[in-house]
Amino acid sequence: MPSALPLADPAPADGLLPASAAAGADDRAFGVYLHVPFCRVRCGYCDFNTYTAEELRGARRSDFAGQAAEEVAFAARALDASGLPARAASTVFFGGGTPTMLPPADLAHMLAAVRDGFGLAPGAEVTTEANPDSVDAAGLRALADAGFTRVSFGMQSAVPSVLATLDRTHDPERVPLVVGWARDAGLAVSLDLIYGTPGESLDDWRTSLDTVLALEPDHVSAYALIVEEGTALARRIRSGELPAPDDDLQADMYDLADGLLEAAGLGWYEVSNWSRDAASRSRHNLAYWTGEDWWGVGPGAHSHVGGVRWWNVKHPAAYAQRIGSGASPAAGRETLDAPTRAVERVLLETRLADGMPLGRLAPAGRTAVAGLIADGLVVPGAALAGRVVLTRPGRLLADAVVRRLLPA
Ligand SMILES: C[S@@+](CC[C@H](N)C(=O)[O-])C[C@H]1O[C@@H](n2cnc3c(N)ncnc32)[C@H](O)[C@@H]1O
Ligand code: SF4
């Protein structure tokens with residue numbers, strides 16, 4: 001089952017935000033995340049807030065688009081009544097779960113609700129995640145016609161034995177087909193990969209990377225497999241059926257990924273993300289990492305507006321009940337104080353190729369920068385120009401730098 005929600009203050013039924021949330025809003029981008037919490041089967045490694053048909057407790061997938069559209073309208077009213085300026089959405093992201101479990105017309109309905117409630121900014125980025133076995137050529141064309149600009153496919157691996165360990169149901173031979181259909185429809189293409197699956201060798205990983213590069217995607221996300229508590233994968237590892245991921249092998253896999261992706265013209269811009277050029281970066285994810293504002297629609301979705309963060313009830317049946325009664329679907333919320341916001345900014349922005357303004361750091365962190373330069377971890381010229389920029393990409397490297405920038 002999905003993981004538990006954080007504990008915090010109750011969220012008001014009217015969704016109104018404190019006055020502090022509006023301060024500086026004109027200078028922040030606004031995005032919308034729509035969480036579509038349905039999957040055909042649950043992959044053994046995944047603890048996302050998603051439900052198979054047997055787990056829906058009476059909630060109906062066919063009702064979901066209408067409920068999400070109602071939350072979008074609720075959001076527009078609540079932000080307006082809270083004194084936030086009207087801002088068109090510069091990014092919209094449908095994630096899951098598997099958004100493409102719903103018919104394209106349902107996704108188009110939800111996007112139309114965003115257009116009605118907020119408007120779409122010129123050149124808005126509109127993405128949907130998709131499983132390779134949940135789309136076809138006509139569906140992708142319908143999404144492009146509805147205003148989608150980008151699709152992110154959960155490819156994970158090109159190697160059948162690795163896909164089997166991950167419980168992935170798609171045939172790897174389908175990936176080139178769906179990428180071609182997406183491109184024919186005029187959609188930008190991103191591919192998600194996972195590395196460090198039990199039993200996956202460095203050669204297996206090279207095969208996946210070579211396969212990805214042959215498909216010439218605009219964007220690649222490569223995530224180290226995380227063994228989440230409570231998942232089937234965690235149980236299989238605990239029982240000894242599968243070996244735990246090996247940190248050293250995962251580090252080698254990361255280096256191989258960065259080397260091959262860079263050589264093929266995909267540059268890193270966040271430690272787990274590479275893109276063909278600056279225009280192909282995920283602007284929606286960048287907005288999360290740089291602390292912009294977004295409203296998260298749907299069960300379990302998280303939102304952030306001006307330092308206020310809240311999250312919705314997790315189960316689709318509970319969500320349907322809240323939306324049906326006209327109340328906010330939020331389960332809890334918290335208002336971040338300035339020191340907590342500053343720490344979050346450092347944690348996230350250190351991982352960006354563009355780095356982070358030195359001004360984000362407390363005096364002890366600024367003092368640490370000289371040592372990081374001396375150790376070759378931070379670019380000296382960038383620091384002189386007022387930014388902390390990693391000398392090379394690396395998840396573990398970024399973690400090590402953060403520990404020194406945020407001394408206890
Ligand atoms: C919501 S899924 C993407 C869409 C679709 N449901 C799919 O799986 O193809 C988001 C991505 O998170 C990544 N992910 C999920 N659980 C993970 C885990 N335990 N470790 C690493 N990556 C994970 C996968 O790469 C997946 O593509
Ligand atoms: S298809 Fe995606 S969201 Fe669904 S269980 Fe698998 S990884 Fe998780």
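Ala, Val, Leu, Ile, Met, Phe, Trp, Tyr, Cys and Pro count here as nonpolar, Asp, Glu, Lys and Arg as charged, and the others, Gly among them, as polar. This is a predicted model, in which local features need pLDDT of at least 70 and side-chain atom pairs count only at pLDDT 80 or more, while totals for chains, interfaces and linings use all residues. Residues are numbered from 1 along each chain as its sequence is written, ligands are numbered from 1 in the order in which they are written, and side-chain values use heavy atoms, with hydrogens and water left out.

By those classes, the shell around ligand 1 holds eight nonpolar, six polar and four charged residues. Among the 18 residues around this ligand (a heavy atom within 4 Å), Gly97, Asn131, Gln156, Arg168 and Asp192 come nearest. The table gives polar contacts, that is, pairs of N or O atoms within 3.5 Å.

| Protein N or O atom | Atom of ligand 1 | Distance |
|---|---|---|
| Threonine 98, side chain | nitrogen | 3.5 Å |
| Arginine 168, side chain | oxygen | 2.8 Å |
| Isoleucine 226, backbone | nitrogen | 2.9 Å |

The protein covers 93% of the 560 Å² of accessible area (Shrake-Rupley method, 1.4 Å probe) that ligand 1 has on its own.

Glutamine 156 lies in strand E4, residues 150-156 (strands are DSSP runs of at least two residues, numbered from the N terminus), and counts as buried (under 20% relative accessible area, 1.4 Å probe, protein chains only) because its relative accessibility is 7%. Leaving aside neighbours within four places in sequence, glutamine 156 is in contact (heavy atoms within 4.5 Å) with residues including Tyr45, Arg168 and Asp192.

How values were computed: Helix = DSSP H or I, 4+ residues; strand = E, 2+ residues; numbered from the N terminus. Buried < 20%, exposed > 50% of the residue type's maximum accessible area, 1.4 Å probe, protein only. Polar contact = N/O pair within 3.5 Å; in protein donor to acceptor, adjacent residues only side chain to side chain.
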